[in-house]
Amino acid sequence: MHEPKLPSLKIYSAQDFPAYLPKLNQLFDDLFRDGKGFRSKLVARVAARVGADDRCIQLLAQTIEFIHNASLLHDDLIDRSVLRRGKPAAWTKYTPEYAVLAGDYLLARVMVNLSGYGNVRLIQYTAEMISDLLEGEWIQDSLVGDHAVTAAQLDRVHNLKTGSLFKWCLRSPFHALKRDDPHLHEVLENCGIILGLLFQRSDDLLDFDVRNHEGKAVLGDLKSGYMNSFTVFVFEGLDEGVKSRARAAQSLGEFKRAVGESHFDERLAAFDAMNLKQIELYAHNLQRLRSHLAASEQMLIEDLSRLSEILYWRKA
Amino acid sequence: MKSETDAVRPQQTSARFVTLRQDQEAARLRGFLRGDAQELLERDAVAKPVTTLQAGALRAQTAEWTFEIVQLAELRRDPWWRRALRALRPETWVLSLAPVLSTLGWLAATSAEPLSAWRALAAVIGVIALHAAMNLFGDYHDHMRGWDRVPERGADRVLARGDFRGFEILRAAWASAGLAALCGALLLVANFAHITWKAALLLVMVLAVVLEFGINRWGLKYRGLGELAAWFFFGPWLTGGLSWALTGSIPWSAWVMGLPFGTMALLILHLRNFERIMIDSQAGLGTWPARAGFEASKKFTWFCAIALMASLAALLVFADPSPERFLPVLATSLGLGPLVGVVRSVRSPSGGELHGLSQRGLRLAWAMALSFWVSDVIRLWGSAVLARIFS
């Protein structure tokens, strides 16, 4: 496949931040060192495919990584997660106060950078995305310990928290190029929503050691009192007593015994089938996107079509 | 460690998607929504609107609709009668049945003249038919406007699920409305001598409100007026109207009789809107909870509960002071306590405790209705009134 020409992306550089705040730089150095940069690569690829220049690509890639990492700084503190990417979370290594300030600093820097670019629609859209992200975090926090949460509620939270970043990756390059056609953005929005759902649902499966190639800790959500999307899906139609025993499980084996091994497997197959339909819907939306793109931009469809495989089936 | 359930990707489903734009293919879109597009009928398929997480789409009347085309054979629909029950929502009929049957019992016990059995039957059938029509029109128009694309909205979503085609629901709604109109016309003719211009005006106003409630032409239901309309329609109008239909007059006590039923309807509608406070706020709808906010909505539930008990007390003191009526007071107060307790325990507008709140409210309404009916039976059994009904 013909690869787009991408500039080498520079997300974090100590020179971009005040030298008289060494601890802030140290914190950012830790934070940005180990990230996969999936979102920055995605937005850079989309931007390159639709003809954005290097400055624009760099700005968008940096913006999404700054916002994503700001949310991680805040999330870890809110969730009291002590590890991030296998290392001590910033709020434990530095202080909770520094973690909050560093996150705020990144968000402020995003606005400084974007306003320097001078595209008001892009600034507005980015601010909307940040507020969606915060709403999602707020609501998710209120769902901890809530055993009556529904799948629809979780989808809504995931759309705000996870989907908003994916949507931004797809839409922001077009806004940056002043391509603001509402029909184009509706298609991109729908694609982003589905990618967010697929990513989050696949992530929720890791909690049950399904396609857990990264070796993520098992039953983390359940033990912290959070009902993730697969837990809610498995619990559908089960007695309260069964659910209560499953919630108290300390290992995956215990959980499966509580809900029934065969029930677990049936629900997993049904969960995959449900998401396969989402993948089909995503493919349908990509075909609609085709009509909004110039002939030279059609390769974007091929790039994006691989994403559902990567995000849900966790295939590299 | 890898799980044994590390799948094995499932077979491709046969779902197909079609997106239509209102500004380009309005007629085809309408055919898809009504379910009578030739291409669907030829393939024996239904077009299910794809759900959206964008609540704003409700207000924006998004120009694009995506449908999943599903063959009826693939849909694995429930038996016809079960789907029909889902569409008719008989569990909500308690809001009409309770005031009608209770007023019948009250009139039977207190009116000087024997009641006409056929008029009573026409009134009961007419009111239930009107209620069913309102539910069906509501489903149809929610579907045509795209409201049922949001999972939390669109009642039982019989159209979004593909249980029926749009035009089938519309036909059923008109049939039901026709039956209601026939019953109403019979009662009007029977009471022709008692028709005054005030009564006629009231009737027209109420029918207009019922129609708007079902069709939602101006969206008044979602601008805070739905609650008021529900209070009036399911309360004083039903009890007063029934009194007029059966006796030709409306004593003030007939209005008082309607207060607890209207307040119960108000409580249930409030609970339903409270359940949807988050989604309605995101969609920019002006229901009372969305306007007043989370804490004020919890307080309003308290207000409804107190108003319900006060209206039962008013009924007992001013309209129907009989010892049997302590039974509804007792049953309602026993049921209200746990319901208010659940509302108090709701921690946030996205809390799972909100889920099913209106169903709890409906169960309370059934409990109150049953206690009214039991008290009527006790009273009628203990007197000679039973014989007068069938005279």
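Guide: Two residues are in contact if their C-beta atoms, placed from the backbone, lie within 7 Å. Please keep in mind that this is a predicted model.

Visitor: Which residues of H2(A) and H3(A) meet by that criterion?
Guide: From H2(A), A:Arg39, A:Ser40, A:Val43, A:Ala44, A:Ala47 and A:Ala48 take part, and they meet A:Cys56, A:Ile57, A:Leu60, A:Ala61, A:Ile64, A:Glu65 and A:His68 in H3(A). By class, the residues of this contact comprise nine nonpolar, two polar and two charged.

Visitor: Why is H2(A) called roughly antiparallel to H3(A)?
Guide: The axes of helix H2 (residues 38–49) and helix H3 (residues 54–79), both of chain A, come within 8 Å and cross at roughly 155°. Angles over 145 degrees count as roughly antiparallel, and therefore H2(A) is described as roughly antiparallel to H3(A). The crossing of these two helices, H2(A) and H3(A), is right-handed.

Visitor: Turning to chain B, how do you know that domain 1 touches domain 2?
Guide: Chain B is divided into domain 1 (16–75) and domain 2 (82–389), and 19 residues of domain 1 are in contact with 17 residues of domain 2. The C-alpha centres of these two domains of chain B lie 33 Å apart.

Visitor: Which element gives the most to the side of domain 1 of chain B that touches domain 2?
Guide: H3(B) gives the most, with four residues. That side of domain 1 of chain B has ten nonpolar, five polar and four charged residues.

Conventions. Residues numbered from 1 in each chain as written. Chains lettered and ligands numbered in written order. Predicted model: local features only at pLDDT ≥ 70, side-chain atom pairs only at ≥ 80, totals over all residues. Axes fitted to C-alpha atoms, helices over the stretch in contact; angles between N-to-C directions. Parallel < 35°, antiparallel > 145°, perpendicular 65-115°, else oblique. Left-handed = near helix turned anticlockwise from the far one by under 90°. Nonpolar A, V, L, I, M, F, W, Y, C, P; charged D, E, K, R; others polar. Domains from an automatic or database assignment.
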